[in-house]
Amino acid sequence: MMRITLMKVVDKIIIIGVLLILLTLNKIAIAQDNLPHLFLFLGGDKAALYNANLNRPCISGAQIIYSWKQLEPKKNLYDFSKIKNDLRSLDKIDKKLFIQLQDRSFDPNVFNVPDYIREEEIYHGGVAMQYDSPGEGKPVVSGWVARVWDPAVRERFQLLIKKLATEFDGKIYGINLPETAVDFDQQDPPKDFTPDKYFYAELENISVLREAFHKSTVVQYVNFFPGEWNNDHFYMSRFFDYARTHHIGLGGPDVVPYKKAQMANSYPFFHQLKGNLLISMAIQEPDYTYINPQTGKPYTFSDFYRFTQYYLGANILFWNVQEPFYSNQLCPKLTSEHFKCRELN
């Protein structure tokens with residue numbers, strides 16, 4: 001009798017042990033589900049140059065910039081060879097490609113639109129000069145942005161989106177359009193530009209992007225809208241609401257924790273909608289120049305990570321490979337504690 005009772009006790013202990021193991025594994029699985037995917041941001045470089053970096057289980061793939069000019073070198077002549085080469089390279093190591101389709105530049109000598117857009121009269125010059133701050137304490141730089149508020153220019157850009165979808169929908173993991181922020185000379189604004197025209201043009205572009213890509217993830221970077229501050233024209237709130245109801249991901253080209261300018265624009269909307277919106281944030285080169293006011297030192301991996309996860313609620317992180325930050329701070333954190341990985345480390 002005593003032996004039977006002892007066996008029952010042992011059986012209960014075994015069952016409890018198994019349940020605890022299953023509970024632990026379930027917690028790990030849940031934690032993994034809540035972690036972000038990590039893509040390395042390679043700028044415009046070839047994916048093959050980064051095989052050693054990419055071939056790690058906690059890296060989902062690469063985000064690469066392709067300019068409009070690169071993809072349509074001449075009117076109606078499309079060249080997607082670089083995308084195809086990058087896809088082949090990434091496929092070999094079982095990684096995914098995220099395209100950033102670029103229509104703007106931050107260098108006065110670089111035009112990311114095709115020459116015909118700047119040369120043919122119907123496009124009214126095709127581009128406008130814009131200004132940008134490349135980081136804390138850095139001098140303002142200039143570059144060129146496509147005149148997306150011009151219907152003729154916008155039509156050609158949207159045609160490119162449709163061509164890309166026909167070729168790559170479902171083959172690439174995702175595609176994103178660049179930031180909404182533009183800063184023009186207030187004394188000499190571009191011809192026919194108004195903040196309203198620009199807002200509705202950006203809204204139309206993401207609508208076309210969503211309609212064209214049915215299988216791949218679509219994302220629009222949104223940080224500021226010209227002519228608006230603190231949602232005083234309801235551009236930001238309308239944009240986020242449209243994206244949420246049409247299942248369009250939103251994100252940002254830079255992460256600077258609690259920076260006042262962003263806190264008066266897009267950041268609070270990400271916070272409000274985390275869990276109800278696909279959020280994709282990029283930690284890029286200028287972000288490393290900013291000083292954490294609490295420490296007096298540049299922001300660290302932990303600063304960026306905590307802010308993107310606990311305040312913004314990012315599902316995808318695009319992280320710059322700039323050294324020495326990449327090797328010193330990001331690489332040691334490439335574990336299942338921080339990112340979705342193919343296997344637990």
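A salt bridge here is a side-chain nitrogen of Lys or Arg within 4 Å of a carboxyl oxygen of Asp or Glu. By this rule the count comes to 12 salt bridges. The model is predicted: local features need pLDDT of at least 70, side-chain atom pairs count only at pLDDT 80 or more, and totals for chains, interfaces and linings use all residues. Residues are numbered from 1 along each chain as its sequence is written, and side-chain values use heavy atoms, with hydrogens and water left out.

**Exercise 1.** Decide whether E204 and R154 are buried or exposed.

Step 1. Apply the cut-offs: buried is under 20% relative accessible area, exposed over 50%, partly exposed in between (1.4 Å probe, protein chains only).
Step 2. E204 has 34% and counts as partly exposed.
Step 3. R154 has 12% and counts as buried.
Step 4. Their salt bridge has its closest N and O atoms 3.1 Å apart. It links helix α7 (residues 195-212) to helix α6 (residues 151-168), 50 residues apart.

**Exercise 2.** State where R306 and D303 lie.

Step 1. Both are in helix α11 (residues 301-312), three residues apart, about one turn of the helix.
Step 2. R306 is partly exposed at 45%; D303 is buried at 15%.

Methods
Helices (H or I, at least four residues) and strands (E, at least two) are DSSP runs, numbered from the N terminus.
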